[in-house]
Structures are given as C-alpha cells and as structure tokens.
Amino acid sequence: MKKFLFILLLFALILAGTGLAGYAYYNSVGEKPLNTNEEIIEINVEPNDNFGRVLTRLDNNGLLRNLLLTRVYFRFNPMETALRPGTFKINAQGSLHEIIQELNEGEDIYEVTVTIPEGFTIERMGETFEEKGLFSKEAFIQAVKNYIVPSWLENTDERHYVLEGYLAPATYKFRKGQTPSFVVDTMYKAFVNRMYAVLKETGEELPTSEWNELVTIASMIEREAANVEEMPRVASVIYNRLSRGDKLQLDATVVYALGLNSKDKVTLEDLKVESPYNTYYVRALPIGPIASPGAAAIKAAINPEITQYLYYVLDPSIRQHFFTSDYNEFLQKKREFQGD
C-alpha cells in the first residue's frame, strides 16, 4: 500500500512538473516569440494583412518558435493591431506585445516622405524627388511629358510643361521603387480633388474648360504674394490690370520664362525675353501656370479683394508688399525700398 501511494505521489509530481514546464514554455513564447539570434529583423506587412497572416508568414520562414502557442498567447493576451502595408524593422528579441507595438507605430523603411511646397515648379519637384532618392529629375520630367492629359487641358507645344500647375503641392508618402508615372498620376489626381474641394467651399461653379485661366492666375498669386494674407490683394491687382488692358508685368513670369526656379533680381535685359510666359512681353495672361498653387492662392483667384490697386512693391524690412493705384507713388516706394 505504501509503495502504491509513493508511485501515485511520484506520478502526480511528474504531471505537475510537466505542467509547470509547459506553462513556463508557453510564457516564454509570449515573451520571446521569434526564433532567431538576430537583434533586428525586417517584417513585411502586405496590403490587407491581419496579424494572423503575419504570424503564418513568419512561421513559414522559420522565424517563429511555436505558431500554435503564439496564437494562443495572443488570444488570451489580446492587443489592438493597426497594421499598415510596408516593411518594418523589429526588435527580434522583444515580446509579442512589443513586436505588435513596433508594427503599429513603426515607419516603413522603404517609405519616403516628400514635401512639395506651394509655388514649386515641375523642375523643382523633379529635383526634390531626386534629392529624396526616389528617382532622377530626368525620369520625373519624362513621366510628366508622357502623361496622358485630359481633353479639357489644352495641350500646346508652346508650354514648358502641359501639367505645370496641375500637380498638387502637398506632403506625400511614396515607397522606394515607385515609378515616376505613378507619382505624377497621384499628384495630378490630388490636384483635381483639391480643385473640386475649393470650388465647393467657395460655392463657385467652374467648368474644367475654364480651369486653365484660374490656375494660371492662382500660380502668379502664389509666386508673387509675400504671405497668404495678401494673396486676395495681389489677385485684385492682376484683375484690375487685366480689365484695363495693361500688361501684368510680373517678375515671377519672367523668372519662369527664363527657365529658372528663382532669381534675386530681375534685370532690364531679362524683361526682354520673348516668351508667351513673360508678362512684360505679352499683354495678357501667360500661356499657362508658372507653378503649382496651393488652395489659398486658388481661393484668392476666385475671390479677389475689391480694390483700385494697380501696383505693388515689396518692403523688405517687413516682407510685405506696399499696394497703390498711383504710379508715381509706386515709383517713389520702389526707390525707397530697392534703392532704384
């Protein structure tokens, strides 16, 4: 009898020990689910992936200690997942919850954030994409040239780029290896969506056949105004001069006609450039936009301030323009501010 009790007690102890060991292993899987000696590994999340698919893929690649126990641990120790497509660097020695947190909050290592400010030209955009390492400036410009533009956007050989002004300035996230044509398409569609949003906000009904004139004016406002607040006033000068049949004589159009992104000072020789963009040369609007305007400039083109102003000159001490309807006053202020 004593021998039987001893065997029963021994068997119970073995079961208890096995259970404790099993529970310890179960916990160790939750504390370190990955089967690797590497400190950092990359985990790829596909579009529409859930965490279960990610675990299965890790297991198929031999990177998971125990798929079943990992699933069970996650089931009884749930944590919200907010997976986004991409490739993420993960602490391979971390716990399951730490891995999930890094996937939720991490940055795709192949994703590049690119900010295109208001007033950038296509040339300047190409330089920015090249600086970010996405593709060359030349590849971007070729994609712009190859883009199939809508029928309402008049395609003329006299324009530098038909899509100038129609690629929305914004902050974008693109993956390395993304084609320039995809980027151009994304930026063009963003512009169209922004235009419709602005038109809805302002209550303006404007057919696409009239977008070129509006965007051209908005692009000049974007490049000429010193700040957002004075944009409607700059717009008023443009419309006032157009209504009188005066040349606009805007330096920003000369800079664009010269094929430059910027110029500290426009010279008298520069003003003579024979270009359909040069408003010292043509008595009308430029043939097309000279940059990509933001929403504020488009709104100013739709709703200009009502003034009699015909001239403005920058006061460099306060980085704002002085506006006037008197030509002599304009000349006086120009001499004062510029020393001319």
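Residues are numbered from 1 along each chain as its sequence is written, and side-chain values use heavy atoms, with hydrogens and water left out. Because the model is predicted, local features require pLDDT of at least 70 and side-chain atom pairs count only at pLDDT 80 or more, whereas totals for chains, interfaces and linings use all residues. Helices (H or I, at least four residues) and strands (E, at least two) are DSSP runs numbered from the N terminus.

Two packed helices are described by the angle between their axes and the distance between the axes. Here the axes are lines fitted to C-alpha atoms, for helices over the stretch in contact, and angles run from 0 to 180 degrees between N-to-C directions. Helix H2 (residues 51-60) packs with helix H3 (residues 67-76) at an angle of about 155°, the axes being 10 Å apart. H2 and H3 are therefore roughly antiparallel to each other; angles over 145 degrees fall in this class, those under 35 count as roughly parallel, 65 to 115 as roughly perpendicular and the rest as oblique. The crossing of H2 and H3 is right-handed, a term applied if the near helix is turned clockwise from the far one by less than a right angle, anticlockwise being left-handed. In this contact (heavy atoms within 4.5 Å), Phe51, Gly52, Leu55, Thr56 and Asp59 of H2 meet Leu67, Thr70, Arg71 and Phe74 of H3. The residues of the contact of H2 with H3 comprise four nonpolar, three polar and two charged, where Ala, Val, Leu, Ile, Met, Phe, Trp, Tyr, Cys and Pro count as nonpolar, Asp, Glu, Lys and Arg as charged, and the others, Gly among them, as polar.

Helix H8 (residues 211-224) and H11 pack at an angle of about 120°, with their axes 8 Å apart. That angle makes H8 oblique to H11. The crossing of H8 and H11 is right-handed. Leu214, Ile217, Ala218, Ile221 and Glu222 in H8 meet Ala297, Ile298, Ala300, Ala301 and Ile302 in H11. The residues of this contact of H8 with H11 divide into nine nonpolar, no polar and one charged.

In helix H5 (residues 122-131), Ile122, Met125, Gly126, Thr128 and Phe129 are buried; buried means under 20% relative accessible area, exposed over 50% and partly exposed in between, with a 1.4 Å probe and protein chains only. These residues cover an arc of only 160° around the axis, which puts them on the same side of H5; the arc is that of the directions from the helix axis to the C-beta atoms. The buried residues of H5 pack against strand S3 (111-115), helix H6 (137-146), strand S4 (171-175) and helix H7 (180-202). Gly133, which follows H5, has a positive phi, near 80°.

In H6, the buried residues are Lys137, Phe140, Ile141, Ala143 and Val144. They cover an arc of only 155° around the axis and thus lie on the same side of H6, while Glu138, Lys145 and Asn146 are exposed on the other side. H5 and H7 are included in what covers the buried residues of H6.

Val45, in strand S1 (residues 40-45), is buried, with a relative accessible area of 3%. Val45 and Gly86 are 41 residues apart in sequence and 5.3 Å apart in space, C-alpha to C-alpha. Asn278, in the loop between helix H10 (251-257) and helix H11 (295-302), is buried, with a relative accessible area of 0%.
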